Amino acid sequence: MNNETEIRKWLEDVMDPEIPVLSLVDLGVVGDIELKEGSVFVEIRPTFVGCPATTQMKYDIESLLHAKGFDDVHVDISYKSPWNSDMITDKGREALRKFGFAPPPKGNLIDDIDVLEHVECPQCGGTNTELQNPFGPTLCRSIHYCHDCKEAFQQFKPMN
Amino acid sequence: MNKTALKELLFKIADDQLILGHRNSEWTGLGPILEEDIAFSSMAQDKIGHSYAMYQILEELGEGDPDQVAFFRKAEEFHNSQLVELPIGEYSFSLIRHFLYDHSDFLRFDMLRNSSYELLAQVSSKIRSELKYHTMHARTWVKKLGTATDDSISRLQNDLDALMPYALGLFEKSPYEEEIISENIFGGEEELRSRWLELIAPIISKTELVLPDPEGVEPVMGGRIGKHTEYLQPLIDEMTEVMRIDPDAEW
């Protein structure tokens with residue numbers, strides 16, 4: 001007998017379409033999961049309202065659950081408890097770092113622009129860094145420059 | 001809940017975002033520096049995404065499919081302010097428009113977090129967070145260029161003077177303003193306008209720029225009831241050009 005916990009475990013294999021080392025579960029995108037009379041309902045919380053990867057995420061979750069034998073799968077976008085960057089798990093933060101992205105700082109910080117300056121460089125660990133652009137190659141990433149190792153890097157943006 | 005009033009509110013928000021999103025996207029490949037090219041493109045993506053969320057709520061309320069609603073209306077059926085439809089002009093013009101619009105957009109969603117219409121309140125909280133990046137971006141550049149050289153300051157000042165009447169047109173009241181406020185759908189345009197002035201005035205005062213006295217400016221109204229400049233229809237024609245070739249195409 002499958003249950004919600006088991007389904008969530010399976011979903012750890014569904015990766016973010018734009019950051020393929022990070023699962024949707026660790027990204028915090030997967031919300032409530034409900035099993036009702038053989039049907040599965042999965043709530044997803046987009047990182048950004050305009051994120052174009054949301055459709056792909058829905059499709060990937062549906063495909064996996066179909067492959068696991070569920071015929072009736074509903075993946076619905078929800079803003080009931082909207083995504084924020086503190087929903088990224090510690091495992092997710094580590095995956096981001098290994099992939100070369102600085103994980104977002106934790107807590108209610110973004111009212112202060114300084115939080116985007118001096119982000120720890122994921123390459124050398126230095127903090128002599130500066131924000132180059134709050135907008136990066138995707139909606140969820142900003143661009144920074146490290147004066148210690150002289151390399152540009154990206155950060156997964158804090159959001160709350 | 002007064003559904004007509006709610007829909008009117010959602011349409012004007014969504015149409016502002018859709019049209020400004022398309023205007024922002026005109027900077028893709030043309031930004032004065034690469035970072036600004038990326039910033040305006042990203043904000044375009046956000047705006048169009050936000051408008052999509054609003055059109056989806058409208059669909060829940062009985063309006064048509066979001067793509068149909070967004071792409072198959074004539075200019076006079078759009079409820080956007082005239083501010084957002086003006087051509088992008090020089091970079092300083094787009095920057096000042098972005099500054100004026102996004103601070104009002106941020107405050108609108110800040111207020112909408114308390115909307116009695118639950119679905120709108122939920123997504124507003126999320127959109128508000130995202131807009132912090134837009135206002136931060138606008139402030140950074142207005143401060144930088146508004147204190148830089150005589151040339152940059154006079155360009156920004158000219159655009160600020162030209163755009164202030166249009167920006168004040170953002171707060172054109174709805175025919176259902178009383179119902180919107182009394183049913184706690186939204187706090188209303190007047191409150192938004194005064195919060196907006198309180199927010200932008202101190203930022204402008206930290207620069208060499210002078211904010212035109214809003215009492216001495218005649219707001220450009222009419223956008224909310226379908227009165228538009230000559231620039232809107234060509235924009236709609238352009239953004240729907242591919243779709244109109246084959247409206248039933250499967251993508």
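Predicted model: local features only at pLDDT ≥ 70, side-chain atom pairs only at ≥ 80, totals over all residues.
The strands β6(A) and β7(A) form a hairpin, with four residues between them. In the turn of this hairpin, A:K150 has a positive phi of about 60°.

## The four-stranded sheet

Strands of a sheet pair through backbone hydrogen bonds, and the pairing can be parallel or antiparallel. The sheet described here is open, and its four strands stand in the order β4-β7-β6-β5 (chain A).

The edge strands are β4 and β5 (129-133) of chain A, each of which pairs on one side only. Strand β5(A) is joined to β6(A) by four bridges, and these two strands run antiparallel. A residue pair from this part of the sheet is A:T129 and its bridge partner in β6(A), A:C146.

## The three-stranded sheet

Chain A has another open sheet, made of three strands in the order β1-β2-β3, again with mixed pairing. Which strands stand at its edges? They are β1 (30-36) and β3 (73-77) of chain A; each has a single partner strand, so one side of each is left without a neighbour in the sheet. From one strand to the next, the twist averages 15°.

Strand β2 (residues 39-44) of chain A pairs with β3(A) in the parallel sense, over five bridges. In this pairing A:I44 stands opposite A:I77 in β3(A).

## Helices on the three-stranded sheet

Helix α1 (residues 4-11) of chain A packs on this sheet, where it touches β1 and β2 of chain A. The direction of helix α1 makes about 135° with that of β1(A).

Helix α3 (residues 54-67) of chain A packs on the sheet as well, touching β2 and β3 of chain A. The direction of helix α3 makes about 160° with that of β3(A).

## Chain A as a whole

How many helices and strands does chain A have? Its secondary structure comes to four helices and seven strands. From the N terminus on, these elements run α-α-β-β-α-β-α-β-β-β-β. The C-alpha trace of chain A spans about 55 × 25 × 25 Å along its principal axes.

## The contact with chain B

The size of an interface is often given as the accessible area lost when the parts come together. Between chain A and chain B the buried area is about 2,100 Å², and carbon and sulfur atoms give 66% of it. On the side of chain A that touches chain B, the residues divide into 15 nonpolar, six polar and three charged.

Chain A brings 24 residues to the contact, and chain B brings 23 residues. Between the two chains the count of salt bridges is zero. Six residue pairs are in polar contact between chain A and chain B, counting pairs with both residues at pLDDT 80 or more.

Conventions:
Residues numbered from 1 in each chain as written. Chains lettered and ligands numbered in written order. Heavy atoms only, no water. Pairing = 2+ DSSP bridges. Axes fitted to C-alpha atoms, helices over the stretch in contact; angles between N-to-C directions. Contact = heavy atoms within 4.5 Å. Buried area = accessible area lost by both parts, 1.4 Å probe. Salt bridge = Lys/Arg side-chain N within 4 Å of Asp/Glu carboxyl O. Polar contact = N/O pair within 3.5 Å; in protein donor to acceptor, adjacent residues only side chain to side chain. Nonpolar A, V, L, I, M, F, W, Y, C, P; charged D, E, K, R; others polar.
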